[in-house]
Structures are given as structure tokens and as C-alpha cells.
Amino acid sequence: MGICAEEETIQVTDAKERSLCIDRMTPGGGLYTDVQRTVHPKSNSPWRVSPEPFWMPPRVIEHLERLGTHLYEFYKACNLLYSQSVRKIQPEWVAAYLDQGKPETVIGYGRMNRFKQHLPLVIRPDLIPTPAGTIASELDSVPGGIGFTASLAERYGRFGFEIVGGADGMVNGFMGMVRSVAGIAEPVLGIVVSEESSGYRPEMTWLGEALNRAGLETCVVRPEEVIFSEAGLFVNGAGGRRQIDVLYRFFELFDLKNIPKMDLILYAIRKGTVKATPPLKAHLEEKMLMALFHHPILRSFWLRELGEEGVAFLMQTFPKTWVLDPRPLPPHAVIPGLSVNGRYFGNWQDLGSLGQKQRRFVIKPSGFSDQAWGSRGVAVGHDMSESDWQTTIESALAEYPGSPHILQEFHTGSRFSVSYYDFQTDRMMRLKGRVRIQPYYFIQDGRPVLSGVQATVCPPDKKVLHGMVDAVVMPGGVEDPE
């Protein structure tokens, strides 16, 4: 129907027709290649389609704005903590933890003086609203979903809804971030997507097309398509061969050895013939950063760098987290901050004897692993048998030399009711489920800009909240305070 493709603002008030219109505007493949799951034949979307955004009151959006500022300051402090640990100003075990399991090449790039002050310029936490407050279960500085969330915002914005960050906020935010990195008005951007991350290539291609329409020359390429010379890195774009000013890294550092031309790409980054973001700092991509934040020995460091307000804010936001380190403690020692119903622990194996209701913990890889992104590698203690829980603990401890894991408190999310169109029954339905909120912050001139929000409402029986065929996925919308 032309109404969905041609009009600037789409005037559709009926919820069913609006849902169908949004579905028709979904790009082919749903912007992902790895979600071609069982979908109703009449639907273009591998998720449930809502007729409206996920409404967020102004006070929640204000909280998200504050969160972005605190997270950016946290990354600054983490960068300093690692540097000072390497120089023995802070405890050496901090850098040892963050370097655990990584090859010398990756460690070396992370420690190069010329990149010393470089920080992630995209920040996306996974937030779970709970009755006690909003919990950040993870932080990601090389996140997927940028193009997907941008597309959602654009589609829902066509109906006149006020979208968090604006209907074009994700595209403009990304563009502003790239121009801040480049330091020039009209840079050429190369988004390099590896094979390991190929499931996200469709959405990054969509983003590249949107950036080109917005005035930022962008090429989305595979690593093998990058052309190297001593002068820099080049790509063959629509207007011929172009030198890349900024390389956006959409590949994981654990995968470097498998990426074609990576030695040449790293050489260009090291020589400064191209600017790269996110920086090649694997220590800033570890989930164990939350464990370091909660460690009592480092409290004075965090207070000095973040201030009392920042520490208090993040204390309420970051769940208690521990590094699953298999090395034994002295007989009189306990794991700091870890207790269940007044019981303290001197070794991790004793957690295996907890009853199902007591083991409200999550175990997952910390970062440098192909299991450390998406919902991979996540084990929920109270969602498995006692024997499986014990096996998970033992496996995580055994994998420490190559891939450290973390233990994290599990927080149950609050329930929210949203509407969606059911293609099987041809009716509007309601889902009362738990939501994962993913705000995207793009750093522009040293300031985090909240540019968009993706909300995923999952059925209430799901312990791990992620994109799934029976979830309702929407952009965040600004709720009218009246």
C-alpha cells in the first residue's frame, strides 16, 4: 500500500492498520540474517509488532540522560584504572584480570600511548526496570542494533509519535559521533563488518544508506574489501575509490586472527593514517568492570574519580558482580560482598549446594569470547537443576585461564503491558511481560547524547530478555505528561 511508503506523516488511527503498516515498512529480512525463524507467512517482522512506541515518562528519560553521563565517566575511570594498574599505581591484579586470556597483540594495542586517552564513543547498556530501580545487567561499546533501532525510530516516527532522541536521532547521533572522531567537516566513513559479525551486516548496510542520505559519505564493507596503501585505507564506493577517514570497527577483538587483511588494517590504525572507533581496548569491553566497581579495595579510587554522587548512582545501577577466579582463598577469608541469607562463602563451589530459590545468580563469560555477546553463554542459576548449576560453576572456573567468567546477581524485571497485532488470529492482543531497555548514547565532543531507545518486551516466563520471535520490539517514545 502506497500510504506506508509515500506520505511524510501517515494518518492511521486504527491500531490494527497501523501495526500492519509498520510491518509492511520493515526492510527485507528484518534487518538481521540470523533471525529467519518461524514467522507468520503474512508478517515481514520476526517479532511481534506493536501499533505504538514503548511509552516512557519524562522522569525516566531524564534518568536515562543522567545515566549516559555517569556511564561515560565510568569508562573514563576504567581507562585510567587500567593504565594506573599497568604502571603499579593501582593494584596490579586489576590489569591482570582485564588482560587474562588475551594474546599479547591485543594487550599491546590496548596499551599504546597514542591511544591512551581513546574511549568508546558508543555506549549501550542493557537495562532492566525492577521494583527497586533500573538495573544495568550489561554494558556494550560495540553494540549491535544501531541500524535496527534507527529503522524502528524512523518507521514509528512516520505516524507523528514523539520518539526518544527523535525519529532520525540514531542516524544523526551516529553521524555526529563520526564527525567528532574525524575532526573534519566532510569525512569518509568505512564501516567494516567481519564475517563473525555478519548477522548484523543488513542493519549496518541500512545504516550506511541512511548516513549517505543524511550527507555523511559511508561505505559498509567486509575486511577483505578494504584496500591498503602506505597512504591509508581505501574502499571502492559509488563515486570510485575513496580514502577512509574514519573506520568504524564492527568486529570483535577476540576474532582478529580470523579477519582478512587485519594486519594491514591494524598497521594503518597504528600509523595514524585512519582513525578507528571503538578503540582497540579489549580491557574496556569486559563485563568484569562491574565487579571491579564493587570491589572494596578500589572504592577510594572510584570515589575520587566519580565523586560520591556518581558512585551512589552506579551502586544502584550495577548489580553485584564477581570474577569467578579459581585460585583458593586462605581458610579465614571470604569472597567480598557475597552472601545468601546470612551465609558467606570462601570458595565458589559452595554455591553449588544452594537451593533453587537461593541461587538467583547469573554466570556468563566476561568479554573476550565468542560466547560473550547476545544471549550466548548465559546461565541462570534458578532456571536449571542443581547438577547443571554445579557443572556450570565448575566449567566457568575451568575456563578462567582463557575466558574468565563473572557471577552476577539476578534481578527480576517489573511487568509491563503492551499491545501487538497477532497475525494468526487477526486480532489486537496484549502482552504483559518483562522489558529490556537499550538506550544508545553517541559521544559528541566529549558529551554523551541519548539518541534512541529500543524496548523489547518478552513473555514473563523468560529469564534472559533478548530479541525473540514472541517478543514485542519497539522504539522508546516520549509519554505525554498529561
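Modeller: Before we start, contact here means heavy atoms within 4.5 Å. This is a predicted model, where local features need pLDDT of at least 70, side-chain atom pairs count only at pLDDT 80 or more, and totals for chains, interfaces and linings use all residues. Residues are numbered from 1 along each chain as its sequence is written, and side-chain values use heavy atoms, with hydrogens and water left out.

Biologist: Which residues does Ala455 touch?

Modeller: Not counting residues up to four places away in sequence, Ala455 touches Phe54, Val435, Arg436, Ile437, Val472, Val473 and Met474.

Biologist: And where is Ala455 found?

Modeller: In strand β19, residues 447-458. Strands (E, at least two residues) are DSSP runs, numbered from the N terminus, as are helices (H or I, at least four).

Biologist: Is Ala455 buried or exposed?

Modeller: Ala455 counts as buried because its relative accessibility is 0%; buried means under 20% relative accessible area, exposed over 50%, and partly exposed in between, with a 1.4 Å probe and protein chains only.

Biologist: Changing topic, which strands are joined to β16?

Modeller: Strand β11 (residues 321-323) is joined to β16 by three bridges, antiparallel. Strand β14 (residues 361-365) also runs antiparallel to β16, with five bridges. Two strands pair if DSSP finds at least two bridges between them.

Biologist: Which residue of β16 is the bridge partner of Val323?

Modeller: Ile406 is the partner of Val323, while Gln408 in β16 stands opposite Val362.
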